[in-house]
Amino acid sequence: MRRCTVSVLSVTICGLLGPLTVEAGSGLALTEEVISFVSQADPEAGKDFAQKKCIRCHGLDGISKDAATPHISGLSALYHYKQLKDFQSGDRYAPRLMRRSCQNVTDQDLANVAAWYAGQPTIPTVNTVNPPDLVRNGDPQRGILACAACHGQNGQGMPPHIPGLAAQHAEYLTVIMERYRDGTMPTGDPVMLQSVMAMTGEETDQVAEYYQRLGGR
Ligand code: HEC
Ligand code: HEC
């Protein structure tokens, strides 16, 4: 099994090794079959579905006005589909209405809507903001890997497996990191979970603020 190898001395090697395999226990397994299924989805059908089920909270373009509701424009269809399946299975905690949007729908609907939002534009970065040390270098003594190693130097992510964090609402990011820390959201990459668990609440707040301030989207 090929995994993302990260060295705390280098923030560039992740992703050069080819596709990551997200391990069992971290929600939906991204098998070849799933990857191929998602790649054949129909974004126009997904647009109709989004109009019925998602726009109230995420907008048709995937930009949300509420700080607890994430922007979802430009997420890779594969990452997006995995999140929807994890909401559906309960592997990922979801607020009631978000979970309800994923019930009584087909996998095809979910793949289509993921493809629709994947096609909505993101503007990667608009601000120059110095990253907190943890983002750039991690902290080897505490077993914290540099976030930038996987989420990119500018928080742009590494599609299709690793989401961008730039411009995301800080409040949303803080909530997710709290869940990583208290173990209620085991669907993240295991190496990342270990890193985020070793951070203090103050540090996760700083990191979340940083990513939001990078702007874009
Ligand atoms: C009632 C409001 C609401 C509706 C309707 C809704 N969502 Fe959400 N969505 C949320 C909230 C709130 C979250 C944050 C969940 C959390 O706290 O983990 C979320 C999270 C997500 C995420 C996770 C993003 C990430 O970066 O991991 C995705 C993907 C998503 N929604 C897609 C959809 C799609 C597609 C639909 C329509 C089928 C939809 N949502 C309908 C409120 C909503
Ligand atoms: C080994 C690679 C790796 C490292 C290092 C890493 N992440 Fe992640 N991160 C991921 C993956 C993969 C996901 C998607 C998990 C999933 O599929 O649910 C993710 C998801 C996230 C999310 C959720 C994003 C969303 O849209 O809901 C946050 C927040 C996050 N990471 C923060 C961090 C922070 C902060 C650090 C640095 C301490 C970090 N990550 C380091 C791989 C990594």
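Author: Around ligand 2 there are 27 residues, of which Leu145, Cys147, Cys150, Asp189 and Met192 are the closest; a residue is near a molecule if its C-beta atom, placed from the backbone, lies within 6 Å of it. This is a predicted model, in which local features need pLDDT of at least 70 and side-chain atom pairs count only at pLDDT 80 or more, while totals for chains, interfaces and linings use all residues. Residues are numbered from 1 along each chain as its sequence is written, chains are lettered from A and ligands numbered from 1 in the order in which they are written.

Helices are DSSP runs of H or I with at least four residues, strands are E runs of at least two, and both are numbered from the N terminus. By class, this shell has 20 nonpolar, five polar and two charged residues. Ala, Val, Leu, Ile, Met, Phe, Trp, Tyr, Cys and Pro count as nonpolar, Asp, Glu, Lys and Arg as charged, and the others, Gly among them, as polar.

Leu173, Ile176, Met177 and Tyr180 are the buried residues of helix 9. Because these residues cover an arc of only 100° around the axis, they lie on the same side of helix 9; the arc is that of the directions from the helix axis to the C-beta atoms. A residue is buried if 20 or more other C-beta atoms lie within 10 Å of its own, exposed if 12 or fewer, and partly exposed in between, with C-beta atoms placed from the backbone. The cover over the buried residues of helix 9 includes helix 10 and helix 11 (201–214). Just after helix 9, Gly183 adopts a positive phi of about 80°.

The other ligand may be described in the same terms. Ligand 1 has 21 residues around it, with Cys54, Cys57, Leu97, Met98 and Ser101 coming nearest. At least two residues of this shell come from each of helix 3 (55–58), helix 4 (77–89) and helix 5 (96–101). The shell around ligand 1 comprises 14 nonpolar, five polar and two charged residues.

Helix 3 also belongs to the cover over the buried residues of helix 2, as does helix 6 (107–118). Those buried residues, within helix 2 (residues 43–53), are Gly46, Phe49 and Ala50. They share one side of helix 2 because their arc around the axis is only 105°, whereas Glu44 and Lys52 are exposed on the other side.

Over the whole protein chain there are eleven helices and zero strands, and 42% of the 217 residues count as buried.

Finally, the confidence: the protein chain averages a pLDDT of 86, and 86% of the residues score at least 70, where pLDDT is the predictor's confidence in each residue, from 0 to 100. Over residues 1–25 the pLDDT is below 50. Where pLDDT is low, the predicted coordinates should not be read in detail.

Terms used:
Two residues are in contact if their C-beta atoms, placed from the backbone, lie within 7 Å.
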